[in-house]
Amino acid sequence: MAQLYIGLGTNIGDKKKNITNATIIIGSILGDIRTLSSLYETEPWGYESENKFLNAVILVETQIEPMKCLEIAQAIEREMGRVHTKEGYEDRIIDVDLLFYDNQVIESERLTIPHPLITQRDFVLRPMAEIAPKFVHPVLGETMEALLEKLPQNK
């Protein structure tokens, strides 16, 4: 069984319900949910919006290969009503990001694991450090808690 860390985010609709529904769907399709972080309210990242985000990270034990996990994550987003209307970031009912898949490093046209923006995002590092503080980033060789400490707002 592989350990798959997934980032969840939402900033429209009933945000707690969106996170809960995504977690239930993920658990029913991808594998067993082992851990769910606290929910974190955060400002939008990469664009302007009046709508704050609710973010969380979950740990799933799965037997499904990474590329298929990506396809399932994107299908869950569509099923829950996410629509991509433009290039770049925008408000969304749900965002499902594959963060880590065991200690694998994957770089393809469709999938990059570890997620390439983890070290810039407090809304990912904070819940990761909560549920897996000693998990080591397979490329950078640093723990989640160490990477969180390096964020400018945490110094």
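The secondary structure of this chain comes to 4 helices and 7 strands. This is a predicted model. Reading from the N terminus, the elements run β-α-β-β-β-α-β-β-β-α-α. The radius of gyration is 15 Å, close to the 15 Å that the globule rule gives for 155 residues, so the chain is as compact as a globular protein of that length. Along the principal axes, the C-alpha atoms fill a box of roughly 40 × 35 × 30 Å.

Of the 155 residues, 46% are buried. Among contacts with a separation of 6 or more, 65% are between residues 24 or more positions apart. The accessible surface comes to about 8100 Å², and carbon and sulfur atoms account for 48% of that.

Now the aromatic rings. The structure holds 3 aromatic pairs. One of them joins Tyr 5 and Phe 100: the ring centres are 6.3 Å apart and the planes are at 90°, so this pair is edge-to-face. Tyr 5 sits in strand β1, residues 2-10, and Phe 100 in strand β5, so the pair ties together parts that are 95 residues apart in sequence.

Phe 100 has another partner, Phe 135. Here the centres are 4.8 Å apart and the planes are at 65°; an angle over 60 counts as edge-to-face, so this pair gets that label too. Phe 135 lies in the loop between α3 and α4, 35 residues away from Phe 100 in strand β5, and the pair links distant parts of the chain. Phe 135 is buried, as is Phe 100. Through these ring pairs, Tyr 5, Phe 100 and Phe 135 form a cluster.

The loop between α3 (122-131) and α4 (144-150) also holds Leu 140. With 41% relative accessibility, Leu 140 counts as partly exposed. Together with Val 105 and Val 139, Leu 140 makes a nonpolar surface patch of about 250 Å².

Two backbone details remain. Which residue has a positive phi without being glycine? That is Asp 102, with phi near 50°. Asp 102 is in the loop between β5 (95-101) and β6 (106-107), and at 29% relative accessibility it counts as partly exposed.

The other detail is a cis peptide bond, from Ile 113 to Pro 114, with omega near 0°. Pro 114 is in the loop between β7 (112-113) and α3.

Notes. Residues numbered from 1 in each chain as written. Predicted model: local features only at pLDDT ≥ 70, side-chain atom pairs only at ≥ 80, totals over all residues. Heavy atoms only, no water. Patch = residues over 30% accessible without salt bridge, like charges linked within 9 Å, V, L, I, M, F, W, Y side chains within 5 Å. Areas by Shrake-Rupley, 256 points an atom, 1.4 Å probe, with all protein chains shown as cover. Salt bridge = Lys/Arg side-chain N within 4 Å of Asp/Glu carboxyl O. Buried < 20%, exposed > 50% of the residue type's maximum accessible area, 1.4 Å probe, protein only. Rg over C-alpha atoms; globule rule 2.2 N^0.38 Å. Contact = heavy atoms within 4.5 Å. Phe/Tyr/Trp six-rings, centres within 6.5 Å; stacked < 30°, edge-to-face > 60°.
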